[in-house]
Amino acid sequence: MTFRACSYEKELTQALKDGHWPEGCGPELRAHVDACGNCSDLVLVTQTFRLARSESEHATPCGSPSLLWWRSQLRRRYAATERVSRPITVAETFAWIATVVVGIVFMASQYRHGLHWASWWSELVPLRILHVLSIAPVGSAQVDPNLLLFISGFGVLLLFSALVVYLASEKF
Amino acid sequence: MRKTDTTGEYAIPNVRTREASRTDELPMDSDAFAGFYQRSAPGLRAYLARVSGNPALADDLMQESYLRFLCATCPDGGEVNYRRYLYRIATNLLRDHWRRPRAACIEDVPERLLAAADQLSRGDSQAILDPAMARMRPRERQLLWLAHAEGYSHREISEITGLSAAGIRLLLFRARRKIARLLRKSGTDRRQV
């Protein structure tokens, strides 16, 4: 099948579009359409599709525009809410990452120092902690640096965990 | 022939810059939309039903098209451009629908799955057109409907479908010849019956 444009095609298309075919067209164009296969195809197809479109338009009602309007308002509102809550999502993500990083650093540091968990827990008696933090003089030789690191790391971890839980509960 | 879409979002065409496409402004108010809907919905529904061959799907896609139309920033130029934009959204939704289940291009979808079983209307023209449309490829139905039922130019069809205007000219020529042959055959068969 070869593609060959007809010189009358543009004129005929315009006549069909304007509704001038066939009465509003000259005898020359009508004679050409009778003889030209492409143009007779164009007339047949355009008239059939126009008629089908016209019949389809009156076939079924299309529903209420007010319902669509209302749904679009809801969707726009949801999109606006999403846009506003984006910074909170970023903060949540940051909190998650910070918590994980602190946890990993803390665990790595403890692993490097030998993981003496059993001895630390025995030292975590409240009076002992009180003694270490406030009663004992600064620079005392009895303060275990691993214990201080453990307490501070645990505190930071608790802080971030609380923040993460709060933000997560706000979202859901 | 097909223009590549680098945005990855087919359903809402990018007609403006990203900054301008924020959904802060409504394209029209409620009353204006109601009028626009009354004028454009029957044609859009007919287009979707004819091309998809599925009236229920056409209803769903039509509603989604209007929702996206209302949530997007529309192009300037009044109702003619609004309507073209709406058809573009609908065309992209159709394409998304065809791609979703089997990740296939519109031309690769088997004809038997897309046979035009439209029962929107039962006029004489439908009785002739339906069997012919059922034997056309979905892309051909799309181009034929946009060109001959809606009266869009090749350039406008190019904007709606994302195909090149030169490609549309050739595809439309072939599709028109094919459906004209089918229509003549269908008309002859009906006369014989």
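Residues are numbered from 1 along each chain as its sequence is written, chains are lettered from A and ligands numbered from 1 in the order in which they are written. Because the model is predicted, local features need pLDDT of at least 70 and side-chain atom pairs count only at pLDDT 80 or more, while totals for chains, interfaces and linings use all residues.

Chain A contains eight helices and zero strands (DSSP runs numbered from the N terminus, with helices being H or I of at least four residues and strands E of at least two). Its pattern along the sequence is α-α-α-α-α-α-α-α. Of its 172 residues, 12% are buried (20 or more other C-beta atoms within 10 Å of the residue's own; exposed means 12 or fewer, partly exposed in between, with C-beta atoms placed from the backbone). Contacts are pairs of residues whose C-beta atoms, placed from the backbone, lie within 7 Å. Among contacts in chain A between residues at least 6 apart in sequence, 70% join residues at least 24 apart.

Helix α1(A) spans residues 9–18, and its buried residues are Leu12(A), Ala15(A) and Leu16(A). These residues lie on the same side of α1(A), because they cover an arc of only 100° around the axis (the arc of the directions from the helix axis to the C-beta atoms). An α-helix has 3.6 residues a turn, so residues three or four places apart point the same way. The cover over the buried residues of α1(A) includes α2 (27–35) and α3 (37–57) of chain A. Exposed residues Lys10(A), Gln14(A) and Asp18(A) are carried on the face turned away from the buried side. Just after α1(A), Gly19(A) adopts a positive phi of about 80°. In the loop between α1 and α2 of chain A lies Pro22(A), which is joined to Trp21(A) by a cis peptide bond with omega of about 0°. Most residues other than glycine have a negative phi, and most peptide bonds are trans.

The contact between the chains takes 29 residues from chain A and 35 residues from chain B. On the chain B side, α1, α2 (55–71), α4 (124–134), α5 (138–149) and α7 (165–192) each supply at least two residues. The most comes from α1(B), with nine residues. By class, the chain B side divides into 21 nonpolar, 10 polar and four charged residues (Ala, Val, Leu, Ile, Met, Phe, Trp, Tyr, Cys and Pro count as nonpolar, Asp, Glu, Lys and Arg as charged, and the others, Gly among them, as polar).

Helix α4(A) (residues 65–84) and helix α1(B) (residues 30–52) have axes that come within 9 Å and cross at roughly 125° (axes are lines fitted to C-alpha atoms, for helices over the stretch in contact, and angles run from 0 to 180 degrees between N-to-C directions). The two helices are therefore oblique to each other (under 35 degrees is roughly parallel, over 145 roughly antiparallel, 65 to 115 roughly perpendicular and the rest oblique). Here Pro65(A), Ser66(A) and Trp69(A) meet Ser30(B), Phe33(B), Ala34(B) and Tyr37(B).

The axes of α3(A) and α1(B) come within 9 Å and cross at roughly 120°, so α3(A) and α1(B) are oblique to each other. Arg53(A), Ser56(A) and Glu57(A) in α3(A) meet Pro42(B), Gly43(B) and Ala46(B) in α1(B). The contact of α3(A) with α1(B) has two nonpolar, two polar and two charged residues.

Terms used. Two residues are in contact if their C-beta atoms, placed from the backbone, lie within 7 Å.
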